Number of protein chains: 2
Amino acid sequence: MKISQTVALFTVVLAVALDASAQTGNQKAADAIRKADQQWMAAYAAKDVDKSAAFMAPDGAMYAPNAPAVQGLEAVKSMAAEMFKLPDVKLTWTPTLVEAAKSGEIGFSSGTYAFSFKDPSGKTIDDKGKYVTVWKKQADGTWKVVRDIFNSDMPPPSMH
Amino acid sequence: MKISQTVALFTVVLAVALDASAQTGNQKAADAIRKADQQWMAAYAAKDVDKSAAFMAPDGAMYAPNAPAVQGLEAVKSMAAEMFKLPDVKLTWTPTLVEAAKSGEIGFSSGTYAFSFKDPSGKTIDDKGKYVTVWKKQADGTWKVVRDIFNSDMPPPSMH
């Protein structure tokens with residue numbers, strides 16, 4: 001191995017090591033949050049009101065755009081039930097950044113979403129945007145949502 | 001003191017104790033986040049582009065409604081500069097829930113905002129909504145914004 005190759009390899013190894021050290025927080029907890037984030041999405045995909053609402057912490061709130069904050073289990077259930085009624089409704093999201101504190105009981109997931117449904121005229125409405133979800137580990141070890149907030153990347157309807 | 005009074009006092013003491021024990025996380029860190037949250041607001045009130053952008057973590061992103069995510073110092077500065085140009089622009093926010101992890105390096109602030117400006121016709125546009133900001137303690141001890149996201153409580157403009 002030439003010296004230049006050794007230096008190049010060393011540089012790569014150092015870069016990887018630095019990148020790993022830049023990973024602050026608790027990876028195990030972050031993995032658990034990522035898993036909860038995707039299980040929550042599965043509950044929405046299954047249009048399961050109870051399962052989707054079960055991911056909310058007792059004092060959790062959902063901040064949907066162009067509507068007041070929704071807090072409390074019954075209010076969250078109503079919102080989900082309304083959404084699930086939309087024709088051909090589809091909601092998926094992709095966490096792009098998930099982190100948890102070193103102490104492993106608070107963290108967040110953040111990423112992009114895609115949302116679509118058919119309006120009364122049968123036209124497909126496509127929306128995409130971004131979200132932040134704050135998670136807190138509960139006494140029973142499950143991760144639940146303290147705050148969930150999202151908004152659209154697209155101009156308001158009047159500007160379409 | 002009658003027995004009924006003693007019982008009542010005991011109940012109050014117990015309720016306060018339970019409430020305190022329900023306060024999870026790191027109160028000192030939460031206080032620091034609340035302070036940073038309000039200092040950030042002061043930088044916006046002063047229409048100080050550099051100071052307001054200085055609250056962003058190096059990889060921090062702002063998720064404003066009806067626009068793509070804004071990431072990176074220059075992009076955040078541009079967004080602030082555009083906002084500060086709006087006639088009579090006023091932005092205030094009130095954190096209603098601030099928490100930090102026990103380990104004291106990750107936390108969030110969440111609450112309500114009020115935003116107003118004059119449109120080209122001179123009419124005041126009033127908006128109010130809610131926000132979630134994820135904060136991370138930096139190597140130098142300062143708290144900076146990893147993710148900031150907000151949306152309006154009001155119906156979209158086309159529905160006003």
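Me: How many residues of chain B are in contact with chain A?
Reply: Happy to start there, with the reminder that this is a predicted model. On the chain A side, 37 residues take part in the contact. On the side of chain B, the number of residues is 37.

Me: What is the area buried between chain B and chain A?
Reply: The size of an interface is often given as the accessible area lost when the parts come together. Here carbon and sulfur atoms give 64% of that area. The value for chain B and chain A is about 2,900 Å².

Me: Which residue of chain B meets A:Glu99 in a salt bridge?
Reply: Between chain B and chain A there are 2 salt bridges. One of them joins the side chain of A:Glu99 to chain B, at 2.5 Å from N to O. The partner is B:Lys136.

Me: Which element gives the largest share of the side of chain B that touches chain A?
Reply: Polar contact links 27 residue pairs across the two chains, both residues at pLDDT 80 or more. The elements that give two or more residues to this side of chain B are strands E3 (90-100), E4 (106-118), E5 (124-137) and E6. The largest share is 6 residues, and it comes from E6(B).

Me: Which residue of E6(B) is the bridge partner of B:Met62?
Reply: Let's look at strand E1 (residues 56-63) of chain B, where 6 of the 8 residues are buried. E1(B) runs parallel to strand E6 (residues 143-152) of chain B, and 4 bridges join them. For B:Met62, the bridge partner in E6(B) is B:Asp148.

How values were computed
Residues numbered from 1 in each chain as written. Chains lettered and ligands numbered in written order. Predicted model: local features only at pLDDT ≥ 70, side-chain atom pairs only at ≥ 80, totals over all residues. Heavy atoms only, no water. Buried < 20%, exposed > 50% of the residue type's maximum accessible area, 1.4 Å probe, protein only. Pairing = 2+ DSSP bridges. Contact = heavy atoms within 4.5 Å. Buried area = accessible area lost by both parts, 1.4 Å probe. Salt bridge = Lys/Arg side-chain N within 4 Å of Asp/Glu carboxyl O. Polar contact = N/O pair within 3.5 Å; in protein donor to acceptor, adjacent residues only side chain to side chain.
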